[in-house]
Amino acid sequence: MRRALSIGLPVATFAVIAVAWQLFATYGGYSHKLVPGLGAIAAAFVRLSGNGIMLSATVATLYRLAGGFVIAAIVGVALGIAMGRRQWVEDTLLPIVTFLYPIPGLAYAPLFVLWFGLGDLPTILLVGVASCFTVIINTWKGVKAVKPVWLRSAEVMGARDRDMFRRVVLPGALPYVLIGLRLGLAQAWRILIAVEMLMSVQRGLGWLIFGAQTFLNTDVMLASIGMIGIIGILLERQVFARIERWTVVRWGMVTA
């Protein structure tokens, strides 16, 4: 019953949204060029998939996403752990991270264009920089949240600093780290689609949306947005959910 509800409720929600959109497209009073129906959106998706445009745009976007997110994950987790483990690192970096974290990633885009030009390199670097602060903050919070009694117990049992970090600190902070990575990936995904419209990249879902806007191809825009949503669901369900089940759920730290 629980599994049926977990599948049925999202499907029902999407069905209601689809019906509402179709009714709005039919009776909303807007031109079908501006508000296409589900059939037109599906036809555009099939057409773009068939001629390879959707695939090439998706691969290009995922390449930039992977590059930027790897940078954010490595830098963010490393700095977050260092801030949580060493007070002088926290005192040094926390004011900088707190200052830079609220600044929207797009605010850095003109600087990255001036420094690195146009294309993939500034896009990947900007995605990495814009999303790493979320990872840093959550990792730092996770390390600080490790219970002192766990650390004292490990010390009493003779654990060395390296063993204590590997067996106590890292597993205890992992739920926060995973949350930071999830939020960082979502932030990287959002900033990437916007930046692709600004950095004059050759391919990408953001590039596809921007080009469709120029020619008022709303069906192509919505088909591309649909692909973005599908990828987001797959990343959440097939990547992070599995990592969570293999680690913190399996260890009994959180419930499934």
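Analyst: Phe116 counts as partly exposed in this predicted model, because its relative accessibility is 36%, and the cut-off for being buried is under 20% while exposed begins over 50%. Phe112, by contrast, counts as buried, at 7% relative accessibility. Both residues, Phe112 and Phe116, belong to helix α5 (residues 109–116), where they sit four residues apart, which is about one turn of the helix.

A pair of aromatic rings is described by the distance of the centres and the angle of the planes. For Phe112 and Phe116 the ring centres are 5.6 Å apart and the planes meet at 45°, so this pair is tilted, since planes under 30 degrees apart would count as stacked and those over 60 as edge-to-face.

There are five aromatic pairs in the structure. Another of the tilted kind joins Phe24 and Tyr30, whose ring centres lie 5.6 Å apart with their planes at 50°. Phe24 is partly exposed, having a relative accessible area of 38%, and Tyr30 is partly exposed as well, with a value of 48%. These two residues also belong, together with Trp21, to one aromatic cluster.

From the rings we can turn to the pocket. The largest pocket has a volume of about 550 Å³, and of the 15 residues that line this pocket, Phe14, Leu38, Ile41, Leu222 and Gly226 are the closest to its centre. Two or more lining residues come from each of the elements α1 (2–27), α2 (38–50) and α10 (218–249), and α10 gives the most, with seven residues. By type, the lining of the largest pocket divides into 13 nonpolar residues, two polar ones and no charged ones.

Thr134 is buried, because its relative accessible area is 3%, and buried means under 20%. If its neighbours within four places in sequence are left aside, Thr134 is in contact with Tyr101, Gly180, Leu183, Gly184 and Gln187. With Gln187 there is also a polar contact, made between the side chain of Thr134 and the side chain of Gln187 at 2.7 Å.

Notes
Residues numbered from 1 in each chain as written. Predicted model: local features only at pLDDT ≥ 70, side-chain atom pairs only at ≥ 80, totals over all residues. Heavy atoms only, no water. Buried < 20%, exposed > 50% of the residue type's maximum accessible area, 1.4 Å probe, protein only. Polar contact = N/O pair within 3.5 Å; in protein donor to acceptor, adjacent residues only side chain to side chain. Contact = heavy atoms within 4.5 Å. 1 Å grid on protein atoms, 1.4 Å probe; cavity = no way out; pocket = protein on both sides within 12 Å on 5 of 7 lines; lining within 4 Å. Points joined across faces, edges and corners; volume = space filled by probe spheres on them. Nonpolar A, V, L, I, M, F, W, Y, C, P; charged D, E, K, R; others polar. Phe/Tyr/Trp six-rings, centres within 6.5 Å; stacked < 30°, edge-to-face > 60°.
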